[in-house]
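Work through the exercises below with the sequence and the model at hand. Try each task before reading its solution.

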Amino acid sequence: MVKKKTSEVLSSLLEANHKQIQLKLKDELSSFHHKIIVLDDDPTGVQTVHGVSVYTDWTEESIKQGFREKNQVFFLLTNSRSFSAEQTAVVHRDIARRIHAISLQEGKPYVLISRGDSTLRGHYPLETETLKTSIEEISDTTFDGEIIIPFFKEGGRLTIQNIHYVQYGDELVPAGETEFAKDRTFGFVSSHLGEWIEEKTKGAYTKEDTIYITLEDLRSQNLKAIQAQLLAAKNFRKIVVNAAAYSDVEIFVTALLQVMKAGKSYIFRSAASLTKVLGGISDKPLLSRDELLTDKSSSGGLIVVGSHVQKTTDQLYALLDSGLVTGVELDVHLVHDDEKFQQEVQRVRTTCEELIRAGKSVVYYTRRERLDLGENQGENELQLAVKISNAVTSIVYNLQVQPKYIVAKGGITSSSVGTIGLSVKRATVAGQIKPGIPVWKIGQESKFPDSSYIIFPGNVGTINTLKEVIEVLEGEIK
């Protein structure tokens, strides 16, 4: 594994004058009136913003409501990371056509951000290619380029010299050498983003033809050079943006807005940080317990853990060792026997209810050993995974007592719990409880109206971050 000390890599990268950058950006944003629509492939993409709406469907009604909001930004939760490629294409075609039609009706231009995982997993290039093709088929729009910016500072995802890194403690590891690159569905080899594009597009776009926005130009605020590169893009050429600090993104967006005002069109594939900058969303302090728990109920809280990445497992065990909560394991290996599995799900739900009523917080989690059916069993494993996910979600859906808070760990888990278990149609992002860990205030239509729902990504934080979140919620720390 190729590792670099974070301090060594960043020490030579001097940030430009941040205040000066922000003044330039503010000036450009003041005359940028496009509606910014973020298609989020799981609920974790709101991990840098606050005060914006998340719609959990993409009906005409929801999209129209998003366009008519005062806020410039809104999110549509597609949850496509849990979809097949075929489903993903159908959904993105429908969304693109609806957005474009409503944009014409409302007389409001728009920008599309396809928010993907900061460790490069997801349906890429399918999602952005589908959006491009669907809109170009029904309009005069031509997309000149696709801007790729997986930078996510809060999660330690940095792009330096075109290589995307994941931070582990004080070390940076190339993304292609992490456990995330070994994902069964969305695995990859390349850490160099030009090579990653070539790998994912099967050579349709090459690393040599990719445009690279360098840290040198960003740090020297060479806006003219960056604009020239953006203006050179045509035929959906790929544009990789290096970034190791928010100021890098702010300089880039300043140049980008000037070029877009000159008529250039782009689709974005990004992690969470770009939306904050492009939307002009301010910083906000981490949420306190008083802000999170408006109802000081005597009930216990509920934590749901479905993600199986090693970081999640380590965080789960650290939480269990703390004694803050009671653990209840769901034995998903019983999934092969319908009757036994149903009994197991019911046991977990009733145990959780008893503990919550008694004022004790509880974490229920799937058995940590993965189900492995062997070679060439991908389709069967997917079917079992859906069955397990439905069972995990059903525990919240059928819960007969309201917890004082709900935390879901893992992108797909948090999406299913939010949209199905809690029946959320629209939520407002309240902010973050820890860096990169967002909180929804859920709507009146949901199972537990106005509750705080904490969405904890599977790949964010240190070994103790889940424990620290629960300490805040339990009042152990302020």
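The model is predicted, so local features need pLDDT of at least 70 and side-chain atom pairs count only at pLDDT 80 or more, while totals for chains, interfaces and linings use all residues. Residues are numbered from 1 along each chain as its sequence is written, and side-chain values use heavy atoms, with hydrogens and water left out.

**Exercise 1.** Describe how helix α2 (residues 18-29) packs on helix α9 (residues 246-261).

Solution. Helices are DSSP runs of H or I with at least four residues, strands are runs of E with at least two, and both are numbered from the N terminus. Axes are lines fitted to C-alpha atoms, for helices over the stretch in contact, and angles run from 0 to 180 degrees between N-to-C directions. The axes of α2 and α9 lie 9 Å apart, at an angle of about 30°. That makes α2 roughly parallel to α9 (under 35 degrees; over 145 is roughly antiparallel, 65 to 115 roughly perpendicular, the rest oblique). Next, list the contacts (heavy atoms within 4.5 Å): α2 contributes H18, I21, Q22, K24, L25, E28 and L29, and α9 contributes S247, E250, I251, V253, T254, L257, Q258 and K261.

**Exercise 2.** At what angle do helix α8 (residues 223-232) and α9 cross, and which residues make the contact?

Solution. The axes come within 9 Å and cross at roughly 55°. That makes α8 oblique to α9. On the α8 side the contact residues are L223, I226, Q227, L230 and L231; on the α9 side they are I251, F252, T254, A255, L256, Q258 and V259.

**Exercise 3.** Classify the ring pairs Y55 with F74 and W440 with Y453.

Solution. Rings of Phe, Tyr and Trp (its six-membered ring) pair if their centres lie within 6.5 Å; planes under 30 degrees apart are stacked, over 60 edge-to-face, the rest tilted. This rule gives 5 aromatic pairs. For Y55 and F74 the centres are 5.9 Å apart and the planes at 90°, so the pair is edge-to-face. Y55 sits in strand β3 (residues 53-55) and F74 in strand β4 (residues 73-77), 19 residues apart. Y55 has a relative accessible area of 1% and F74 of 0%; both are buried (under 20%; exposed is over 50%, partly exposed in between, with a 1.4 Å probe and protein chains only). For W440 and Y453 the centres are 5.8 Å apart and the planes at 70°, so this pair is also edge-to-face. Both W440 and Y453 are buried.
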